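Thanks, everyone, for making the time this morning. I would like to walk you through one structure, and I will give the cut-offs as we go.

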Amino acid sequence: NDAKMVEGFRKSALKLFPAEEIKDQERPAMGSEDAAFFQEKIPGCYFYLITLQEIDGSVHPLHNSKFSVNESVLYRGPAAMVQAAMDWLAE
């Protein structure tokens, strides 16, 4: 992640959501994603939208038959990206 892009995205997200809901990743993630290759050419910011939902008293990971998405928060990803794009264009 480009530090300037991360800070800009954070400021944009704070316009929409409470600060306690916006957190830094505490440790490196080992998911497979091509975003790092894109960001070698163009600065960017990769973020996670946490949509986990409890099933049977547990939160189940991806690729588990009991994995469940909390659909009520899905709007937050596009909303944050639109806000960040509008703020970036306004600069």
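I will begin with the overall layout, go on to the salt bridges, and end with a surface patch and one histidine.

Please keep in mind that this is a predicted model, in which local features need pLDDT of at least 70 and side-chain atom pairs count only at pLDDT 80 or more, while totals for chains, interfaces and linings use all residues. Residues are numbered from 1 along each chain as its sequence is written, and side-chain values use heavy atoms, with hydrogens and water left out.

The protein chain contains 3 helices and 2 strands, arranged along the sequence as α-α-β-β-α; here helices (H or I, at least four residues) and strands (E, at least two) are DSSP runs, numbered from the N terminus. Its C-alpha trace spans about 45 × 30 × 20 Å along the principal axes. Of the 91 residues, 16% count as buried, where buried means under 20% relative accessible area, exposed means over 50%, and partly exposed lies in between, with a 1.4 Å probe and protein chains only. Among contacts with a separation of 6 or more, 53% come from residues 24 or more positions apart, a contact being heavy atoms within 4.5 Å.

Let me turn to the charged side chains. The structure holds 5 salt bridges, each defined as a side-chain nitrogen of Lys or Arg within 4 Å of a carboxyl oxygen of Asp or Glu. One of them joins R10 and E7, with the closest N and O atoms 3.8 Å apart, and because these two residues are 3 apart in helix 1, about one helical turn separates them. R10 also forms a salt bridge with D24, at 2.3 Å between the closest N and O atoms, and that pair links distant parts of the chain, since D24 sits in the loop between helix 1 and helix 2 and R10 in helix 1, 14 residues apart. In terms of accessibility, E7 is partly exposed at 36%, R10 is partly exposed at 22%, and D24 is exposed at 51%.

A further salt bridge connects D87 and K15, at 3.0 Å; D87 lies in helix 3 and K15 in the loop between helix 1 and helix 2, so this pair ties together parts that are 72 residues apart in sequence. D87 is buried at 17%, whereas K15 is exposed at 54%. Salt bridges with shared partners join E7, R10 and D24 into one network.

Finally, is H60 buried or exposed? At 16% relative accessibility, H60 counts as buried, and H60 belongs to the loop between strand 2 (58–59) and helix 3 (76–90). A polar atom of the H60 side chain lies 3.3 Å from the backbone oxygen of I55. Apart from neighbours within four places in sequence, H60 contacts L52, I55, K66 and F67.

How values were computed: A polar contact is a pair of N or O atoms within 3.5 Å; within protein, one must be able to donate a hydrogen and the other to accept it, and residues adjacent in sequence count only if both atoms are side-chain atoms.
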